[in-house]
Amino acid sequence: MSLKIKALTKSIWVFHVSAGSCNNCDIEILDLFTPRFDVERFGIQLIGSVRHADAILITGAMNRKSVPRMKKIYEQAPKPCVVVAVGQCALSRHMFRDSYNVCEPLDKILPVDLYIPGCPPRPEAMIDGIVKLVTKIRKGK
Amino acid sequence: MTLLFNYLIFPGLLFSAVIGLLAGWFDRKLSARVQFRVGPPWHQNFTDIIKLLGKETIYPAQSKFTFLFSPYLGFLSAGLVATILGMNLRSSASGFNGDLIVVIYLMLIPAIAMILGASASRNPLASVGASRELKLILAYELPFVLSIVALIIKCGGSIQLGKILELQALGASNIASWSGALAFIVCFFCMQAKLGYPPFDIAEADQELMCGTLIEYSGLPLAVFKLTKAVMLYILPVFLIILFMGKDTSLLFMVLKYIGLLFFIVLVKNTNPRVRIDQALGFFWKVPTFMAVASVILALVGQ
């Protein structure tokens with residue numbers, strides 16, 4: 001395992017995108033940074049600019065307005081950068097699957113590295129997902 | 001050769017960056033403890049820097065040179081300040097006449113570099129951040145220089161750091177007098193603004209400007225900016241210790257004083273909300289400027 005990969009997995013800066021979610025997943029994501037879970041222990045930080053991001057966290061069903069913006073944000077991120085889909089909406093469009101406004105699930109639009117199901121997913125589930133992703137990256141995909 | 005070693009390794013760039021990154025960890029850990037969290041491990045800031053070195057660097061096509069050059073400008077001048085301060089601490093005869101003035105100017109350059117880089121990035125949020133940083137410089141530079149003028153008057157007009165240290169070693173620390181104490185409080189506020197810490201983190205407001213001046217930076221230049229911030233977190237408290245608390249500069253007392261100052265910086269950072277730019281300007285030109293003028297007058301009458 002190279003030093004680069006090790007440093008990358010020890011300090012993940014997360015850019016959080018809400019692509020038309022109901023805010024429930026977003027609230028659960030913010031729970032990760034509260035004293036109860038405190039993922040800053042593992043070097044995970046929420047950052048404001050996508051240029052600093054190592055992971056893009058996407059919540060919500062992607063509607064026609066947010067899809068082009070999502071692609072733009074993904075192109076703006078410096079590589080290597082992983083995409084994490086959080087919540088049932090981002091995974092499979094959930095209850096909006098027949099909506100006129102929601103065209104495709106997230107993994108048809110961007111290369112998704114990690115799926116975290118749930119409506120909303122529990123913070124424990126997200127931490128579990130992060131651990132699985134980190135072990136996957138460390139083993140060299 | 002010794003000059004190069006001093007600049008690059010020992011009191012200069014490498015040493016100050018390492019101490020600054022450790023101080024940055026202290027800041028994060030203490031902030032976490034204030035918020036009843038656990039906080040990151042001690043090597044977290046080093047890991048961040050190493051990670052940033054391995055990331056892709058994105059730059060605007062139209063202004064590649066200025067965008068990529070400005071981080072180094074700030075980092076190298078901050079390293080120069082660290083060298084001058086460290087050499088003066090080692091032996092007070094190694095400075096030159098007027099190095100206090102040089103240090104004041106050099107400590108401004110990281111902020112200028114930040115403005116330069118932000119303006120070169122062609123991002124609207126970055127330009128808002130740059131304009132705020134510029135106004136903040138206007139705000140804090142006046143009381144900062146005035147309080148240092150008070151100190152120079154108190155030390156009999158000497159503008160050499162080594163002389164100021166010697167005077168304090170023979171007599172009492174400057175902070176023990178009325179004018180010195182007032183000037184120290186003013187300098188403490190200005191230090192908070194120079195570091196870009198709350199309540200004066202207006203230029204890099206995470207929530208409204210998304211890192212403001214640094215928004216377009218990624219990879220290596222961002223790492224250099226982070227290192228510059230770390231070096232600033234080392235040089236500013238040390239500068240204040242030299243000017244105001246230079247009675248005993250043995251290693252143990254230096255470390256204790258440095259950690260004490262850092263503790264207060266982090267506490268102020270964690271207990272104050274961000275002010276608006278007009279509030280910051282109003283604050284600096286009213287309260288600390290008045291206090292600095294009072295300190296100059298006190299120094300003139302010999303208090």
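From the N terminus on, chain B runs α-α-α-α-α-α-α-α-α-α-α-α-α. That makes 13 helices and 0 strands in chain B, where helices (H or I, at least four residues) and strands (E, at least two) are DSSP runs numbered from the N terminus. The radius of gyration of chain B, taken over C-alpha atoms, is 19 Å, close to the 19 Å that the globule rule gives for 303 residues, so chain B is as compact as a globular protein of that length. The globule rule is 2.2 Å times the number of residues to the power 0.38.

This is a predicted model, in which local features need pLDDT of at least 70 and side-chain atom pairs count only at pLDDT 80 or more, while totals for chains, interfaces and linings use all residues. Residues are numbered from 1 along each chain as its sequence is written, and chains are lettered from A and ligands numbered from 1 in the order in which they are written.

Along the principal axes, the C-alpha atoms of chain B fill a box of roughly 55 × 45 × 40 Å. Of the 303 residues in chain B, 50% are buried (20 or more other C-beta atoms within 10 Å of the residue's own; exposed means 12 or fewer, partly exposed in between, with C-beta atoms placed from the backbone). Among contacts in chain B (C-beta atoms, placed from the backbone, within 7 Å) between residues at least 6 apart in sequence, 79% join residues at least 24 apart.

In chain A, helix α2 (residues 24-31) has Cys25(A), Glu28(A) and Ile29(A) buried. They cover an arc of only 105 degrees around the axis, which puts them on the same side of α2(A); the arc is that of the directions from the helix axis to the C-beta atoms. An α-helix has 3.6 residues a turn, so residues three or four places apart point the same way. Ile27(A) and Leu30(A), on the other side of α2(A), are exposed. The cover over the buried residues of α2(A) includes β1 (13-18), β3 (55-59), β4 (82-86) and α5 (123-138) of chain A.

Technical notes
Contact = placed C-beta atoms within 7 Å.
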